[in-house]
Amino acid sequence: RSSMLRQMMHHVAATRPVPPDLCYINNFDEPEHPRALRMSAGQGRELRQRMVQLAKTLQTEIPKRLAGQDFKAESEHIEKAYKQEEDRAYAELDAFAEARSFTLFKESGHLVFTLRDAKGHALTETEALGLSKERRVAIDQAEDELRAEIARFLDKTRPLERVKNEGLAALRRQIIKPMLEREVQEIHNALKKPIADEATLNDYLSHVVQDVLEHVELFQAGDEEEAIRIEALTAVLARYRINVVVDNHGLSGAPVIVEDNPVFRALFGSIEYQSAEDVLMTDFSRIRAGSLLKAHGGFLMLHVRDLLSDEVVWEKLSRFLRSGRLQIE
């Protein structure tokens with residue numbers, strides 16, 4: 001019976017069209033709800049290879065462009081404009097401190113000031129305590145005024161720094177975007193056959209472009225915390241992988257699968273997990289197809305005796321036959 005059924009299935013399957021590949025891709029809006037992408041047979045592995053190549057290209061081309069003369073010239077112009085505004089505000093603050101006998105200087109990114117005597121030398125704590133009561137009261141008042149002025153200086157320069165950082169980020173995106181859009185368009189052009197879920201693919205590639213532009217600074221090596229940057233970049237690039245759960249590349253007709261071991265995982269598929277700091281984590285790349293998904297559009301042969309020996313599998317299979325909906329757990 002098995003031989004005759006297998007022969008019959010292959011005979012009929014050869015007359016049927018090759019079903020599409022099934023891929024899972026990252027959902028940038030809701031990562032906990034991966035998106036399914038159906039593509040013509042063979043396009044799944046093609047897209048997967050192209051996205052791997054894109055990740056490699058981004059890691060070499062983005063730093064190269066951000067080290068180019070065009071970016072350097074424009075970024076120096078933005079930095080210079082910010083520095084001029086900051087220097088002007090700092091000069092006013094320094095004059096304010098000078099008028100009250102304080103010396104102002106920067107130390108490890110903080111503003112520090114010291115009190116001077118009539119000869120311009122810094123007063124020690126002992127010397128300050130030796131001053132008259134009226135003089136100490138006047139110094140305390142002057143110090144309060146200087147602290148308030150420093151607070152106003154910071155309130156003025158912090159928005160300037162934010163504008164500078166936004167300008168540099170916009171410049172990075174402007175430099176990188178043409179190259180990125182060209183690479184993505186080449187990926188689309190390489191998939192020559194009609195794409196079953198073309199709207200889904202277009203939306204996904206648009207999100208990839210936007211995501212790269214939002215994290216473009218991660219592709220540029222910094223002076224500090226290099227290990228943290230690389231870890232964050234690896235996590236970003238992982239979102240661009242393609243999980244080809246059903247690959248029908250090389251088929252000449254519909255698939256024919258004989259499942260001799262119809263345990264739950266082999267039949268219905270699974271979702272794999274990894275442990276990270278004692279927490280089980282998963283994502284779209286860890287979804288695995290079972291025989292029911294792989295045989296979609298074709299034939300799957302099972303032995304009833306195998307199914308009836310596993311009550312859970314039989315119940316799930318009966319539910320699947322009623323609803324036509326496969327649920328991977």
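Is Glu277 buried or exposed? Glu277 counts as exposed, because its relative accessibility is 79% and the cut-off for exposed is over 50%. The points below start with the whole chain and return to that residue later.

1. Confidence. This is a predicted model. The mean pLDDT of the protein chain is 88. A score of at least 70 is reached by 94% of the residues. Confidence is highest in strand S5, residues 243-246, at a mean of 97. Helix H4, residues 125-129, is where confidence is lowest, with a mean of 62. Where pLDDT is low, predicted coordinates should not be read in detail.

2. Overall form. The protein chain has 329 residues. Its radius of gyration is 33 Å, whereas a compact globule of 329 residues would have one near 20 Å. The C-alpha trace spans about 110 × 45 × 30 Å along its principal axes. Please keep both values in view when looking at the model.

3. Secondary structure and contacts. The protein chain holds eleven helices and eleven strands. Among the helices is H5, which covers residues 133-190. Take the contacts with a separation of 6 or more: 70% of them join residues 24 or more positions apart.

4. Surface and burial. Buried residues make up 34% of the 329 in the protein chain. The accessible surface comes to about 20600 Å². Carbon and sulfur atoms account for 50% of that surface.

5. Charge. The protein chain carries 46 positive and 55 negative charges.

6. The loop between S8 and S9. Glu277 sits in the loop between strand S8 (274-276) and strand S9 (279-281). Asp278 lies in that loop too, between S8 and S9. Most residues other than glycine have a negative phi. Glu277 has a positive phi, near 55°. Asp278 is not a glycine either, yet its phi is positive, at about 65°. Is Asp278 buried or exposed? Asp278 is exposed, because its relative accessible area is 78% and anything over 50% counts as exposed.

7. Glu161 in helix H5. Glu161 belongs to helix H5. Its relative accessible area is 34%, so Glu161 is partly exposed. How far apart are the C-alpha atoms of Glu161 and Glu85? They are separated by 9.9 Å, although the two residues are 76 residues apart along the chain.

8. Leu293 in helix H9. Helix H9 covers residues 291-294 and includes Leu293. With a relative accessible area of 17%, Leu293 is buried, because the cut-off for buried is under 20%. Which residues does Leu293 touch, not counting those up to four places away in sequence? They are Leu22, Val246, Leu326 and Ile328.

9. Arg229 in helix H7. Arg229 is found in helix H7, residues 226-238. Is Arg229 buried or exposed? Arg229 is buried, because its relative accessible area is 16% and the limit is under 20%. Its contacts, leaving aside neighbours within four places in sequence, are Leu218, Phe219, Gln220, Ala221 and Gly222.

10. Points to check in the viewer. Look at Glu277 and Asp278 for their positive phi values. Then turn to buried Leu293 and buried Arg229. Treat helix H4 with care, given its mean pLDDT of 62.

Definitions and conventions
Residues are numbered from 1 along each chain as its sequence is written. This is a predicted model: local features need pLDDT of at least 70, side-chain atom pairs count only at pLDDT 80 or more; totals for chains, interfaces and linings use all residues. Side-chain values use heavy atoms; hydrogens and water are left out. Helices (H or I, at least four residues) and strands (E, at least two) are DSSP runs, numbered from the N terminus. The radius of gyration is taken over C-alpha atoms; the globule rule is 2.2 Å times the number of residues to the power 0.38. Buried means under 20% relative accessible area, exposed over 50%, partly exposed in between (1.4 Å probe, protein chains only). Contact means heavy atoms within 4.5 Å. Accessible areas come from the Shrake-Rupley method with a 1.4 Å probe; for residues, only the protein chains shown count as cover. Lys and Arg count as positive and Asp and Glu as negative; His and the chain ends are not counted. The place of a charge is taken as NZ of Lys, CZ of Arg, CG of Asp or CD of Glu. pLDDT is the predictor's confidence in each residue, from 0 to 100.
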